[in-house]
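Trainee: I would like to learn how to read contacts in a model. Please show me.

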Amino acid sequence: MTPAIGSFACAFGDLEREPKDIPGFDELWRAQSPDTDFASMGAGTFRTMTRPVGEYVADCVKRVLDDAGVPASEVDRIVFATSDATLARLGRDFAVEVMLGLGLTSAVPAVLSFLQCCSSLEALRYGRQAFDDEDVRHVLVVALDFTPDDAQRVRQFALFSDAVAGCLISRTAGGPLRLLSTAAAVDPEGLAGHDSFVSRQRVARTALAKALAKGGAGLDRVAKVFPTNLYEPLTAFNAMAAGLPRPLLHFTGPMRAYAHCGNCDWIINLADHADGQGLRPGELYLATASAPGFFACGLLEGTPAS
Amino acid sequence: MPAVETQTSLKKLVDFLSTQPETAHLTEEQVTADATREELGIGSLAVILLVNNYIQANAPGVMIDPAWVPRLNDVAGIMSVLDEIDQSAS
């Protein structure tokens with residue numbers, strides 16, 4: 001039986017703030033994105049975590065498991081995903097503390113990182129692959145990103161926010177989606193800090209072509225695309241440059257409320273779309289993520305209600 | 001492209017550049033058909049915003065064609081893209 005994906009949940013930083021709350025925001029923005037009007041960014045508010053990140057992870061995981069009706073003790077794998085900077089902020093006992101706190105007594109932990117905001121799509125691929133082991137029943141995928149230093153929140157074309165977002169891949173619990181394929185590709189010019197619209201187009205088209213070919217589907221069958229929440233005109237341009245029509249993108253609502261939550265964005269956007277419009281059997285959905293040097297995507301298909 | 005059409009496209013581009021904050025300082029003498037984006041100091045994001053703004057102002061709803069992207073590195077390419085945007089809108 002093909003494992004199903006569902007029970008998406010998000011735990012955002014509990015403190016809602018506006019860009020002007022960041023000391024020296026205007027100067028920081030101008031330094032990072034010169035000649036770029038922040039008003040076009042598309043972000044109205046962002047979130048800050050006021051408690052240790054493990055508490056938000058616990059909140060997110062509990063909601064995922066409650067929704068799926070799966071006891072914590074039956075989870076066989078937990079795959080954390082985080083961007084490179086956040087990885088360096090996690091304590092060495094982070095995973096153990098989360099697992100003990102939640103009663104994840106059978107879950108083998110792993111962390112996927114080093115792909116910046118694309119890490120969670122690689123975690124999704126890894127989590128799905130865990131079902132090659134016939135004994136695996138449930139796999140949790142948990143993306144997290146947070147930025148303690150306000151000055152570091154303001155980056156080129158992005159305003160970083162704090163969030164945890166997760167989902168369950170399950171052999172038996174059902175769920176509205178299944179994973180058809182994933183692909184990730186590297187932009188060497190981006191890794192060196194010299195990316196351009198041409199190199200970003202190249203890496204995106206490489207990954208998209210691979211995912212669509214592996215998934216046996218054309219872009220014309222994709223109903224919605226869930227991208228990374230970056231500067232809105234840039235996000236729209238890069239998507240269209242990769243061949244993704246603008247109307248397929250679902251990100252402006254979550255972007256306005258939560259800004260850029262690192263590698264959580266595609267899950268947040270997908271969950272928002274699922275809450276508002278629902279996920280329909282037979283429809284295809286494309287999760288995408290972009291970061292300097294990387295592009296990743298995952299092709300998902302709506303499954304019949306179980 | 002015939003010389004008359006080139007002049008028309010160039011005039012259209014120069015006029016539009018003069019309305020954009022990042023490129024308003026450029027003069028007609030600087031913006032020649034054989035100039036590159038780099039020579040004019042138009043950054044990667046600026047040309048993206050330029051195309052976006054041109055579409056919003058002149059052809060709302062027109063989608064970026066992936067084939068345009070490699071042509072945005074020089075004035076001749078940018079002119080051809082603006083022409084195609086106009087054609088898509090008509």
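Trainee: Leaving aside its neighbours within four places in sequence, which residues is A:S120 in contact with?

Mentor: Contact is a distance test: C-beta atoms, placed from the backbone, lie within 7 Å. A:S120 is in contact with A:A81, A:V141, A:A143, A:N263, A:C264, A:W266 and A:I267. This is a predicted model: local features need pLDDT of at least 70, side-chain atom pairs count only at pLDDT 80 or more, and totals for chains, interfaces and linings use all residues. Residues are numbered from 1 along each chain as its sequence is written, with chains lettered from A and ligands numbered from 1 in the order in which they are written.

Trainee: Is A:S120 buried or exposed?

Mentor: Count C-beta atoms within 10 Å, placed from the backbone: 20 or more others is buried, 12 or fewer exposed, in between partly exposed. A:S120 has 35 such neighbours, so A:S120 is buried. A:S120 sits in helix α5 (residues 119-129) of chain A.

Trainee: How many residues does each chain give to the contact between chains A and B?

Mentor: Chain A gives 15 and chain B 14. On the chain A side, α8 gives the most, with five residues.

Trainee: At what angle do α8(A) and α3(B) cross?

Mentor: Two packed helices are described by the angle and the distance between their axes. Here the axes come within 10 Å and cross at roughly 85°. That makes α8(A) roughly perpendicular to α3(B) (65 to 115 degrees).

Trainee: Which residues of α8(A) and α3(B) meet?

Mentor: A:P233, A:L234 and A:F237 meet B:L45, B:I48, B:L49 and B:N52.

Terms used:
Contact = placed C-beta atoms within 7 Å. Helix = DSSP H or I, 4+ residues; strand = E, 2+ residues; numbered from the N terminus. Axes fitted to C-alpha atoms, helices over the stretch in contact; angles between N-to-C directions. Parallel < 35°, antiparallel > 145°, perpendicular 65-115°, else oblique.
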